[in-house]
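Good morning, colleagues. Please look at the model on the screen while I guide you through its parts.

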Amino acid sequence: MTKIDTTVSIAGLSLKTPVMTASGTCGYGLELTPYFDLSRLGALVVKGISLEPRPGNPPPRIVETSGGMLNAIGLENIGMEAFIAETLPRLREYETVVIVNILGESQEEYGTLVDEMSRHEGVDGFEVNVSCPNVRKGGIAFGSDPEMLEKLVRFLRERTEKPLIIKLSPNVTDIVDMAKRAEAGGADGLTLINTIRGMSIDSESRRPHLATVVGGLSGPAIKPVALRMVWEVAQQVKIPVVGVGGILSGEDAVEFLIAGATAVQVGTAHFRNPAACIEVMEGMERYLERHAIQDVRDLIGSIQLDPSPVA
Amino acid sequence: MPLTPRNAHAALIPVLSNREIVPGIFRMAFEAPRLAAGAKPGQFVMLSIPPTHDPLLPRPFAVFNVDGQRVEILYRRVGKGTGLLSGMRTGDLLRVLGPLGNGFALPDPSVTSIVLAGGIGFASVHFLLLKLLKRQTAPTTLLYGVRSHEEIIPMESLDKKGLLIRVATEDGQQGVKGTVIDLLSTTLPRTENLPTATIESFACGPLAMLRAVAGRMKGLGMRAQFSMESRMACGYGVCQGCVIPFKGDDDPKQIKYRKVCTEGPVFAAEEICWDAIQE
C-alpha cells in the first residue's frame, strides 16, 4: 500500500498533516516538548501575543461544565518582546510551522504586532484573534462588527506578506457574513470557532463560578456548533477554513474535514492529555487507512447530502 | 517561563489497590516505576479515567507515598470524578500525568520542622514527613486537624522514630478540641528559645487554615512553605487556569498571578497575596 498523503496547504503554508494545536491550549509550545516532538505537528499555533505583557484575569478562571469547560484567562501572555527574545529562538529548533496568534485593543496595536513580528524568521504566519474589545470603539469586539473586522483585516493585509488567518468569534448573528468580510479584507484563511460565551453558577452560594462571571465555553459541548459554522462558511468562501471546537479523536477531526475544513486544531483536549493532537493525528491516519483514502484532501468538503436537503 | 519537570510523562497505569481507609477517604496505589523514581514530596499527578469524557478534565492528586515502584494517593470522595475513582479495581487503567509541580524544598537536617495538615491536606504532607523523619537530626512535629475523629488517617508508617504527632478534632472526640491553629498556638511557645532560622514550617489544608497560619508565621518571621490548591484543567502549565495572586516584584501593592501547577504548588507563605484570594 502506498503511503497516505496527509499534506495540506493553508494560506500558502504547506502542512505535513492537517492537525494543528489551538491557540491558548498549548502555551508557547515549549510546554509540550516533554511529551512529543513538536516537529510532528502540522502547525503550532502559540497562545495569543499582545504588544505588552498581560497579567490576565483574577481567579477563579476556569470551571468544568457538562462536556466542556468555561475559561476566562484574560489573554494572559508574556508580551511581544519576551516572545521574540525568549520563545521564538527555541521554537526554531523544531521543524514545524509556527503560527503566532495576535491580539490587540486597537487596530494600531494589531498593526505594530504584525509589523514587528513579520521581520522575524520563525514566524510563519499570523492567526488574528478578533474576539478582543476595541477600546477605541467603545469596547465592541473586532469580531462582532462586520465593518470593523473587514477594515482591520485590510489594514493588516497592507502590512504583511505573511499568511493572515482570521480566527472568527461564534458570538455573532451571521457567521457567514463575518467570514465573507474577512475574505474581502484579504485574509488567507479562517479559523472557526473561538469559544462560545457562557456562564455557570453555584446554586448553593448563588455565586458565579468564574470571577469574571462570563467566560468562553470550549470542549466537546461546542463541537456541533463549530461543525455547523465550518460547514456554512466553507461553502461560501474560497479561502481555506481551519476547524476547531471539541476535537478529541481522529474521527472528530475527520468530521470537520468532511464539513469543509482544510485543517483542524486540537484545543481543550490538551488539558486531558498533553499529546492529544498526536492521538488525533494518529486516529485520523487510521481512519484514512480503514477507508483506503490515499490523500487526506479527498475528505475535504466530502459531506454526503441527499439530492434535495431539507434546510 | 517555568516548564514541566523534565521527568514528567503521561502513561496508562494499572491500579494495584484502592481501599476506603476511613469513611469517604480512599488510599489508592498504582504501579508506576518512572513516576516512583522521580516523585518528590509535595509534587502531584493529574489523573483521569480513560475513556470517559465525563468528567472531561483530569484532577490533581498529591503524591501521598512512594514505595518501590508503587505510587499512592489519598483522596476524599466528593464529586463525580472521585466517585468514579473510588469504584476502580485492581488492574483497571488510569491515565497518569506526572510528577508535576515543584514540591517542598527539604530543609537542612539540623532544622526543626513543624508540619501542619488540615483534613485531606494530610495527603500532601505525608510523603514529606517520611522524608523528614529519614533526614532530620532535629525534631519534627506534625499538627493535624480534622473535623471529626472519624476522619483521622491511620499513621502506622509515621508512629515511630521521634515524630511528635498532635491531633485536634472539631468534635473533641480525640486530641485537642479545636483546629490546627489551636495546636499551633500551644506548639509555638515551645520553640521560643530557638532562632527562627532554625525552624521551618510546612502546611497544606483548607484556605482559611492556611490564611491563619500565614498570619502567625509572618508575625514570627518564620519560614513557611505552603502547598496550595486551585481549580486546575491541565496541571502542566498550558491552561493558565490555576493561578493565585502574589505580591508584585517591584510594587507589593501590585498583584501578579502565578500558576499553582508549574510555579507551585508549594510557595513561600509570605509571598502570597492573601487579601486577594476569595474564600
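This is a predicted model: local features need pLDDT of at least 70, side-chain atom pairs count only at pLDDT 80 or more; totals for chains, interfaces and linings use all residues.

In which crossing, left-handed or right-handed, does helix 3 of chain A pass helix 4 of chain A? The crossing is right-handed.

Helix 3 of chain A covers residues 146-157, and its axis lies 8 Å from that of helix 4 of chain A, at an angle of about 25°. Helix 3 of chain A is therefore roughly parallel to helix 4 of chain A. On the helix 3 side of chain A, the contact consists of P146(A), L149(A), E150(A) and V153(A). Facing them from helix 4 of chain A are D177(A), M178(A), R181(A), A182(A) and A184(A). By class, this contact of helix 3 with helix 4 of chain A has 6 nonpolar, no polar and 3 charged residues.

Helix 4 of chain A, residues 175-184, also meets helix 5 of chain A, residues 223-234. Their axes come within 9 Å and cross at roughly 50°. Because of that angle, helix 4 of chain A is oblique to helix 5 of chain A. The crossing of helix 4 with helix 5 of chain A is right-handed. Here I175(A), V176(A) and A179(A) of helix 4 of chain A touch M229(A), E232(A) and V233(A) of helix 5 of chain A. The residues of this contact between helix 4 and helix 5 of chain A are 5 nonpolar, no polar and 1 charged.

I now turn to where the two chains touch. The interface involves 32 residues of chain A and 30 residues of chain B. On the chain A side, the elements that give two or more residues are strand 5 (62-65), strand 6 (68-71) and helix 7 (269-272) of chain A. The side of chain A that touches chain B comprises 17 nonpolar, 9 polar and 6 charged residues.

Next, chain B and its domains. The domain assignment gives chain B a domain 1, residues 9-100, and a domain 2, residues 112-228 + 264-276. The centres of domain 1 and domain 2 of chain B, taken over C-alpha atoms, are 24 Å apart. Between domain 1 and domain 2 of chain B, 15 residues on the one side are in contact with 15 residues on the other. Which elements give two or more residues to the side of domain 1 of chain B that touches domain 2 of chain B? They are strand 1 (9-22), strand 5 (65-67) and strand 6 (70-76) of chain B. Strand 6 of chain B gives the most, with 3 residues. That side of domain 1 of chain B has 12 nonpolar, 2 polar and 1 charged residues.

Let us consider the sheets of chain B. As a reminder, strands of a sheet pair through backbone hydrogen bonds, either parallel or antiparallel. One open sheet of chain B has 7 strands in the order 4-3-7-1-2-6-5, with antiparallel pairing. Its edge strands are strand 4 (59-62) and strand 5 of chain B, each of which pairs on one side only. Direction ignored, neighbouring strands of this sheet are turned by 40° against each other on average. Within this sheet, strand 1 of chain B and strand 2 of chain B (residues 25-31) run antiparallel and are joined by 6 bridges. E20(B) has F26(B) in strand 2 of chain B as its bridge partner. Helix 3 of chain B packs on this sheet, where it touches strand 4, strand 5 and strand 6 of chain B.

Another open sheet of 7 strands in chain B has the order 11-10-9-8-12-13-16, with mixed pairing. Its edges are strand 11 (176-177) and strand 16 (266-268) of chain B. Strand 8 (residues 112-118) and strand 9 (residues 140-146) of chain B run parallel, with 6 bridges between them. G118(B) stands opposite G145(B) in strand 9 of chain B. Helix 3 of chain B, residues 122-135, lies across strands of this sheet, including strand 8 of chain B, to which it runs at about 160°. Helix 5 of chain B, residues 207-220, packs on the sheet as well, touching strand 8, strand 12 and strand 13 of chain B.

Finally, helix 5 of chain B has a helical neighbour. The axes of helix 4 (residues 180-187) and helix 5 of chain B come within 10 Å and cross at roughly 20°. Helix 4 of chain B is therefore roughly parallel to helix 5 of chain B. Thank you for your attention.

Conventions. Residues are numbered from 1 along each chain as its sequence is written. Chains are lettered from A and ligands numbered from 1 in the order in which they are written. Axes are lines fitted to C-alpha atoms, for helices over the stretch in contact, and angles run from 0 to 180 degrees between N-to-C directions. Helices (H or I, at least four residues) and strands (E, at least two) are DSSP runs, numbered from the N terminus. Angles under 35 degrees count as roughly parallel, over 145 as roughly antiparallel, 65 to 115 as roughly perpendicular and the rest as oblique. A crossing is left-handed if the near helix is turned anticlockwise from the far one by less than a right angle, and right-handed if clockwise. Two residues are in contact if their C-beta atoms, placed from the backbone, lie within 7 Å. Ala, Val, Leu, Ile, Met, Phe, Trp, Tyr, Cys and Pro count as nonpolar, Asp, Glu, Lys and Arg as charged, and the others, Gly among them, as polar. Domain bounds come from an automatic or database domain assignment. Two strands pair if DSSP finds at least two bridges between them.
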